[in-house]
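Hello,

Here is the structure I promised to hand over. My notes follow below it.

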Amino acid sequence: MENFEILYKNLLEFGWGEGIMILIGCMLIYLAIAKQMEPALLLPMGFGAILVNIPLSDALAGPIQTLYNAGIANELFPLLLFIGIGAMIDFGPLLTNPKLMLFGAAAQFGIFFTLCMASMFFPDFRDFFSIAIIGAADGPTSIAVANKLGSQYVGAITVAAYSYMALVPVIQPPVIKLLTTKKERLIRMPYEQKSVSKLTRILFPVIITVVVSAIIPQATALIGFLMFGNLIRECGVLNSLSDTAQNVLANLITIFLGVSVAFNMTADKFLQVDTLLIMGLGLVAFIVDTAGGVLFAKFLNLFSKKKINPMIGAAGISAFPMSGRIVHKMALQEDPQNFLLMHSIGVNVSGQIASVIAGGIILNMAAKLMGG
Amino acid sequence: MNLLINAVANMKWNPMAFVDNLHYMGIGMLVIFVVIGVIILATKLVNKLFSK
């Protein structure tokens, strides 16, 4: 009988927590495949969650911990992913109308509102600052900031950030409709096609890096890697590197990032009431972000002769290009001749920049509290 | 389920912390608008200097 011990001994180590976490892992895989919700990240995360919750698993203390230490504990993976994201973004619509960046700034309101909300439940500033950054609607920024602050909730924060990014088509439209009238949603915004010189496109990432880093040094790595990727795209002499950054590098890092985030998804760390609370606060962050952008556009309309369709304010969150497309689609539903795509995409890419700046501001505030 | 209800019932929270941390909201939004404002001005300048 002792010889058969190997067949059942490990099974006895299973607790209900591990079982629930494996079910959560399966649910993430289901959402990734069946619902196509951020599949590139939710699938590796789901499978990683299964791997780390097998009792006595050699995956947790072995390859997953090694990957975590190599790329997440030191924020390397999110930063490398930013090179790929930067190479994917065309800042053209933003460069033709730089004022659109204001909406990107307004839509970060959810971050700071959630910071105050989270502070009511989480006394440690490292935790409530990290939870607030879910409102950046930007997975790599959330991971980088939460890790740099040493929050114990990195796993829950990452799951919340990516889940709500995938749920943007569900979250944003009701909030937009609630805050706008039909008349406002029908406002047309003609797009003036202006050419942007190549030199401007090349100088833009350099200027953004210098300006943001000079004011908020804590954002240098985040904004620098994002803009480095964009410079590779725009310089015109590194097409092969640009392709690699957009495809191979981004895909490879996404796989590693997804699996290694699961390091924080063990039952003892994840199955807490705090996790549910963080998921709730993440939802608040996304709703208030959307409301912030829309209400800011309505505020500008009080003074502006050229009326702005307030829906474009909602695209100021960083979920690119999903948010921009949703606004465009909503405008078409109201009026099939109302094309807001170029405006909403311009606002959406500005949200990418603004969310990274917000991440830097959070790190700066935290550094002061830590005495750094 | 009872475990969850107990955990929620025993949860500690401090409503005053919201007010105590409101200044982060003010400073954060101010800084973000200032930085974005500088970027807009710089972009407009570059557009003007190097437009075709």
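Of the 52 residues in chain B, 19% are buried. Here a residue is buried if 20 or more other C-beta atoms lie within 10 Å of its own, exposed if 12 or fewer, and partly exposed in between, with C-beta atoms placed from the backbone. This is a predicted model: local features need pLDDT of at least 70, side-chain atom pairs count only at pLDDT 80 or more, and totals for chains, interfaces and linings use all residues. Residues are numbered from 1 along each chain as its sequence is written, while chains are lettered from A and ligands numbered from 1 in the order in which they are written.

Chain B has 3 helices and 0 strands. Its elements run α-α-α from the N terminus. Helices (H or I, at least four residues) and strands (E, at least two) are DSSP runs, numbered from the N terminus.

The two chains meet through 31 residues of chain B and 35 residues of chain A. Contact means that the C-beta atoms of two residues, placed from the backbone, lie within 7 Å. On the chain B side, H1 (2-9), H2 (16-20) and H3 (22-50) each supply at least two residues. H3(B) gives the most, with 19 residues. By class, that side has 23 nonpolar, 6 polar and 2 charged residues. Ala, Val, Leu, Ile, Met, Phe, Trp, Tyr, Cys and Pro count as nonpolar, Asp, Glu, Lys and Arg as charged, and the others, Gly among them, as polar.

Leu95(A) touches both chains: its contacts include Phe204(A), Thr43(B) and Asn47(B), not counting residues up to four places away in sequence. Leu95(A) sits in helix H6 (residues 92-96) of chain A. Leu95(A) is buried, with 22 other C-beta atoms within 10 Å. Arg201(A) is 106 residues away from Leu95(A) in sequence, yet 8.0 Å away in space, C-alpha to C-alpha.

**Helices of chain A**

H5 (residues 76-88) of chain A has 11 of its 13 residues buried, so it is largely enclosed by the rest of the structure. Its buried residues pack against H4 (58-72), H10 (139-148), H15 (220-234) and H16 (239-261) of chain A.

H8 (residues 109-119) and H18 (residues 273-301) of chain A pack at about 140°, with axes 7 Å apart. Axes are lines fitted to C-alpha atoms, for helices over the stretch in contact, and angles run from 0 to 180 degrees between N-to-C directions. Residues of H8(A) in this contact include Phe109(A), Phe113(A) and Met117(A), and those of H18(A) include Leu281(A), Val288(A) and Gly292(A). The contact divides into 10 nonpolar, 3 polar and 1 charged.

**Backbone points to check by eye**

- The peptide bond from Phe320(A) to Pro321(A) is cis, with omega near 0°. Pro321(A) lies in the loop between H18 and H19 (322-334) of chain A.
- Leu56(A) is not a glycine, but its phi is positive, near 60°. Leu56(A) is in the loop between H3 (39-52) and H4 of chain A. Leu56(A) is exposed, with 9 other C-beta atoms within 10 Å.
- Ala137(A), also not a glycine, has a positive phi of about 55°. Ala137(A) is in the loop between H9 (125-132) and H10 of chain A. Ala137(A) is buried, with 32 other C-beta atoms within 10 Å.

Best wishes
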